[in-house]
Amino acid sequence: MTTARGPALSDLSARTLRSRQVVTFRSILLLFAAALPLAGCAKKSAHEPSAPEAATRPDDIDRIEQELASREAQLRAIGIARPAPLEARAPASEAAEVAGAGGGGDAAEAPRRDQEKSAAADMAPTQAAPASASGGPSPRRTSYCETICDLSASICQLQDHICGLAPRHPDEPRYQAACERAAVDCQLSTEACHACR
Amino acid sequence: MKRTFSWISLVAGMALGAALMLAGLAQAGRLAPAPKPEVLVTLAQTLEAEHRRVDLLLKQKDVAGAIAALEQLRTIEWPDRADAGDAAIVLRHDVYGRLLRLRLDHPTVDPKTPDALAAVAGEGLGPDYKAITTNAFTARLVGLRGEISEKQGRDDAALTAYEEALDMNRALLQQALAGAAP
């Protein structure tokens, strides 16, 4: 995932590109799903101040919650809404509160949100990722741009496929229209990717 | 008697209100049906290990081994949406997408006919893929189905699949762009 993305997406081989973007999405999804029990532990600890200090370790919990919030935001950015196991396991009153509030809590424990809400908007300001020591883009922005550029790559690959069909069907307007539309999508997404860099 | 009746009315009203709220949230897609989160976690952990194994096999240039490992995953009992929610379906789409990508990129390894690949794509997508939230894995698998349709000589079906995948990716991009960059 550290491959530098140059301005010309076509410079990358299709296979490399496909492999890279899928690994990004897969790692996010698997990490998030595997981290669900951690979220449960973190939630429980945070809500039980009487627990022994050694078992609570607020720093660890904060770190885990921040990581989960980041993963959750990344998942939403690629269209995978967080499943609701925590709400399902929570007491009824708590689940109702969470569902009814529509996201009043912290990002890690927020319920599944509307898809229209952006990943960035869902991030609480207090959980903003710090900029890198070198003053470069933050890891979260890098991830955001990777998402944009990976989606752009997928769109442009589909354009290649669609426009590859068109010459075989010169008399069918559907193929030409689809090709033109895909070309516009590819161009716009490529511009979005470049603007992000 | 009157006091008892009002308590019953109050409790019944609260229960009805709660039920309506939950139904509304579910219909709005804000509650994902995942009554067995442990099933999803176990599945994710299993798949993570298998994906790492496939990574290793591919690093060793053992494409046949990687394909065999992914084929093995086809035989597991995949949980359904009712048990593990949409995420389980998405994870399945990922596995099948990876398998089909390898098969399309390496047609000489354990060769399969386009019809057989189309059957695998259909099996992976399942009957309810359109019901789950748009995501990158499903979009990729739909696009792969387009490639397979092309190999079958079914250009119309291929174009339909490509357009469907394009719509998904466009929606994902718009969704990602809708918010300000971090």
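Which residues does B:Glu147 touch, not counting residues up to four places away in sequence?

1. In this predicted model, B:Glu147 touches A:His161, B:Arg101, B:Leu104 and B:Tyr162, with residues up to four places away in sequence left out of the count.

2. B:Glu147 belongs to helix α7 of chain B, which spans residues 136-151. Its relative accessibility is 14%. Because buried means under 20%, B:Glu147 counts as buried.

3. Helix α7(B) meets helix α8 of chain B, residues 155-178, where the two axes come within 7 Å and cross at roughly 160 degrees. An angle over 145 degrees counts as roughly antiparallel, and α7(B) and α8(B) are therefore roughly antiparallel to each other. Their crossing is left-handed.

4. On the α7(B) side, the residues that make this contact include B:Ala139, B:Val142, B:Gly143, B:Gly146 and B:Glu147. On the α8(B) side, they include B:Ala158, B:Ala161, B:Tyr162, B:Ala165 and B:Met168. By class, the contact of α7(B) with α8(B) has 10 nonpolar, 5 polar and 5 charged residues.

5. A remark on confidence concerns chain A. The mean pLDDT of chain A is 60, and 31% of its residues reach 70 or more. Over residues 1-18 of chain A the pLDDT is below 50, and this stretch has 28 contacts in the model beyond near neighbours in sequence. The pLDDT is also below 50 over residues 82-133 of chain A, a stretch with 101 contacts in the model beyond near neighbours in sequence.

Conventions. Residues numbered from 1 in each chain as written. Chains lettered and ligands numbered in written order. Predicted model: local features only at pLDDT ≥ 70, side-chain atom pairs only at ≥ 80, totals over all residues. Heavy atoms only, no water. Helix = DSSP H or I, 4+ residues; strand = E, 2+ residues; numbered from the N terminus. Buried < 20%, exposed > 50% of the residue type's maximum accessible area, 1.4 Å probe, protein only. Contact = heavy atoms within 4.5 Å. pLDDT = per-residue confidence, 0-100. Axes fitted to C-alpha atoms, helices over the stretch in contact; angles between N-to-C directions. Parallel < 35°, antiparallel > 145°, perpendicular 65-115°, else oblique. Left-handed = near helix turned anticlockwise from the far one by under 90°. Nonpolar A, V, L, I, M, F, W, Y, C, P; charged D, E, K, R; others polar.
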